[in-house]
Amino acid sequence: MNLFEVYPLYNVTPIKAKGAVVWDENNTQYLDLYGGHGVISIGHSHPNYVEKITTQLNNIGFYSNSIQNPLQVELAKKLGVISGCENYNLFLCNSGAEANENALKMASFITKKSRIISFKNSFHGRTSAAVAVTDNSAINAPINLQQKVTFLPLNDVELVIHEIGKNDVAAVIIEGIQGVGGLDEGTTDFFQEVEKICNKNDVVLILDEVQSGYGRSGKFFAFQHHKIKPDIITIAKGMGNGFPIGGVLIADKYKATYGMLGTTFGGNHLACAAGISVVDTIKNEYLMENVNEIYNYFLEQITKIPQVKKVKGRGLMLGLEFDFEVGELRKQLIFNKHIFTGGSNNKKLLRILPPLSITKTQINQFINALKELLNE
Ligand SMILES: Cc1ncc(COP(=O)(O)O)c(C=O)c1O
């Protein structure tokens, strides 16, 4: 059997990784400034993480959601404390798309309505409703296009008011900071106005923090820069540092009923062990403090490079905008300088999503490599 080839691949084969460093089969060392699409939060193969998952697997790796699993309760408690979202309840699942799928379903259960407002250039995943609220017709099949979705430009409050006025909207879904789209974000005014309009009209406000959450923006959630309280928050990526796990944080005012949501694998013992180790490590190693310190350092250094026209995003969720397409630059960074970076829908943007534990020395390595390539 061959693989179903849906991914264009770089010809690199990582076989080992530690912190922000990855090695291929020839023992060539790469600096990882992309964390496999923003997944690596506490660093590759962190010793506490390896130890926690290994110990758990030697005890019990999986049982279904029909028995007591104290690890789920521990994860929810610790996540509540570290995020400041203690008055939410946690539903555990396996990926970002699944988290958004369940968030949208919850909104529809709650409001008994079905139209969703989403935003231009958004990305929310590839399952049925999640892909329907993703602004990319190329990845929507006819079956997905049955959903009722209206895409609005970011930061146009009047249009949100107009659409919600039609009285058929279940939810507004918005990324804390757009990832795949290219690091655009709502203004504080916009987030606060949308929150107000949603509250006034009983529309559910869903914050997709799948990429921007877990400390990446310098606060635990990116929406916390805007002092709002969403009704539902979705998480994945950094939550498991590579172990597949996702979650939906649901405001306490919404009550659960048995069978309302469900999954076989979500919240299994191994995934919870990974999730607990991530939260513990972010706290014990002051990784959010590191994000803010490195962000300031990165800004100081990068603004000295005249070819970088704009720096978008916050914390360690950054986009460097050039006045040329960056495909070739990314290839040179990988193959000549051995540094992984990312791309986005904005072809002129280089995406930087390193582990939250990255050091100034590693940032210097990138800055020097970038300068050399740009001046060649
Ligand atoms: C903001 C956002 N939401 C949802 C998803 C989908 O997550 P997953 O690929 O885990 O389904 C992504 C993935 O890139 C994302 O960036």
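Biologist: Is the crossing of helix 9 and helix 11 right-handed or left-handed?
Modeller: This is a predicted model, in which local features need pLDDT of at least 70 and side-chain atom pairs count only at pLDDT 80 or more, while totals for chains, interfaces and linings use all residues. Residues are numbered from 1 along each chain as its sequence is written. A crossing is left-handed if the near helix is turned anticlockwise from the far one by less than a right angle, and right-handed if clockwise. By that rule, the crossing of helix 9 and helix 11 is right-handed.

Biologist: Which residues of helix 11 make the contact with helix 9?
Modeller: Residues are in contact if their C-beta atoms, placed from the backbone, lie within 7 Å. From helix 9 the contact takes I294, Y297, F298, Q301 and I302. Its partners in helix 11 are K360, I363 and I367.

Biologist: Is the crossing of helix 3 and helix 8 left-handed or right-handed?
Modeller: Helix 3 (residues 70-83) and helix 8 (residues 269-284) have axes that come within 9 Å and cross at roughly 25°. That angle makes helix 3 roughly parallel to helix 8. The contact includes L71, L75 and L79 of helix 3, and C272, I276 and V279 of helix 8. The crossing of helix 3 and helix 8 is left-handed.

Biologist: Is A130 buried or exposed?
Modeller: A130 is found in helix 5, residues 128-132. Apart from residues up to four places away in sequence, A130 touches A97, N100, E101, H124 and G125. A residue is buried if 20 or more other C-beta atoms lie within 10 Å of its own, exposed if 12 or fewer, and partly exposed in between. With 27 C-beta neighbours inside 10 Å, A130 counts as buried.

Biologist: How does L154 count, given its C-beta neighbours inside 10 Å?
Modeller: L154 lies in the loop between strand 6 (149-152) and helix 6 (157-164). Leaving aside neighbours within four places in sequence, L154 is in contact with F119, K120, D184, G186 and F190. L154 has 17 C-beta neighbours inside 10 Å and so counts as partly exposed.

Biologist: What is the phi of N167?
Modeller: N167 sits in the loop between helix 6 and strand 7 (169-175). N167 is exposed, because 11 other C-beta atoms lie within 10 Å. Most residues other than glycine have a negative phi. N167 is not a glycine, yet its phi is positive, at about 70°.

Biologist: Where is K227 placed?
Modeller: The phi of K227 is positive, near 55°, in a residue other than glycine. K227 is exposed, since 10 other C-beta atoms lie within 10 Å. Its place is in the loop between strand 8 (204-208) and strand 9 (232-235).

Definitions and conventions:
Helices (H or I, at least four residues) and strands (E, at least two) are DSSP runs, numbered from the N terminus. Two residues are in contact if their C-beta atoms, placed from the backbone, lie within 7 Å. Axes are lines fitted to C-alpha atoms, for helices over the stretch in contact, and angles run from 0 to 180 degrees between N-to-C directions. Angles under 35 degrees count as roughly parallel, over 145 as roughly antiparallel, 65 to 115 as roughly perpendicular and the rest as oblique.
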